Amino acid sequence: MVKLILDSKTLQNYVPSVIYLAHWKEKQRFVFEEDVHPKWVLFAVEKGEFEFSIGDKKGVAQVGDLVFCPPNTPFKRKLIEPLSFFCIYFRMGIKKRVLIRSVVTKAIGRR
C-alpha cells in the first residue's frame, strides 16, 4: 500500500532517477528520527513496523508498504518493531517527449 497518495496525473510526465539506495536489516532504531532531504525519499518496508509523519500526514508503515516523502518536507519516524527496509533517494525528471512537446508548442504559439 502506498502510504502517501501521489497525484498520478501530475506524476505521469516525470521519470524517477535513483541517486542512492540502501538496504537495512533488522534495524533496532533509526539513525535519524527526523530529517529533511532535498530529494524524494522512498522507504519500502520488508519486515517490521514504524510510525511516521510527513508534513501533516501521519501513519504506520508495515510489511509491503511504500512510504514516499517529497523533497524538503519534514519526515519523522519511530520504530514500533525492528525494521528491514529499502531506503531510496531519487529525483523526478521530466520526460523528454513532454519537454519537447512543450518547447514546440510554445514555439508555434499553441497552448
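Student: Let's start with Lys47: buried, partly exposed or exposed?
Tutor: Lys47 has a relative accessible area of 45%, so it counts as partly exposed. Buried means under 20%, exposed over 50%, and partly exposed in between, with a 1.4 Å probe and protein chains only. Please note that this is a predicted model: local features need pLDDT of at least 70, side-chain atom pairs count only at pLDDT 80 or more, and totals for chains, interfaces and linings use all residues. Residues are numbered from 1 along each chain as its sequence is written, and side-chain values use heavy atoms, leaving out hydrogens and water.

Student: What does Glu26 form a salt bridge with?
Tutor: Glu26 forms one with Lys47, and their closest N and O atoms are 2.8 Å apart. A salt bridge here is a side-chain nitrogen of Lys or Arg within 4 Å of a carboxyl oxygen of Asp or Glu. Strands are DSSP runs of E with at least two residues, numbered from the N terminus.

Student: How many salt bridges are there by this rule?
Tutor: The count is two. Arg77 and Asp35 also meet in a salt bridge, at 2.8 Å from N to O. That pair links distant parts of the chain, 42 residues apart, with Arg77 in strand 6 (residues 75-94) and Asp35 in strand 2 (residues 34-35). Arg77 has a relative accessibility of 9%, so it counts as buried.

Student: Which strands does strand 6 pair with, then?
Tutor: Strand 1 and strand 6 pair in the antiparallel sense over eleven bridges, and Ser17 stands opposite Arg91 there. Strand 2 pairs with strand 6 in the antiparallel sense over two bridges, with Glu34 opposite Lys76. Strand 3 and strand 6 run antiparallel and are joined by 13 bridges; Ala44 has Phe86 as its bridge partner. Two strands pair if DSSP finds at least two bridges between them.

Student: Where does Ser84 lie, and what does it touch?
Tutor: Ser84 lies in strand 6 and is buried, at 6% relative accessible area. Leaving aside residues up to four places away in sequence, Ser84 touches Trp24, Lys25, Glu26, Ala44, Val45, Glu46 and Lys47, where contact means heavy atoms within 4.5 Å. A polar atom of the Ser84 side chain lies 2.9 Å from the backbone nitrogen of Glu26.

Student: Back to Glu26: what about its phi?
Tutor: The phi of Glu26 is positive, about 50 degrees, although Glu26 is not a glycine. Glu26 counts as partly exposed at 35% relative accessibility. Asn72 also is not a glycine, and its phi is positive at about 55 degrees. Asn72 lies in the loop between strand 5 (66-69) and strand 6, and at 55% relative accessibility it counts as exposed.

Student: New topic: which residues form the nonpolar patch on the surface?
Tutor: Ile19, Tyr20, Trp24, Val31 and Phe32 form it, with about 490 Å² of accessible area together. Patch residues have over 30% relative accessible area and no salt bridge; like charges are joined within 9 Å, and nonpolar side chains (Val, Leu, Ile, Met, Phe, Trp, Tyr) within 5 Å. Accessible areas come from the Shrake-Rupley method with a 1.4 Å probe, and for residues only the protein chains shown count as cover. Ile19 is in strand 1 and counts as partly exposed, at 39% relative accessibility.

Terms used: Helix = DSSP H or I, 4+ residues; strand = E, 2+ residues; numbered from the N terminus. Polar contact = N/O pair within 3.5 Å; in protein donor to acceptor, adjacent residues only side chain to side chain.
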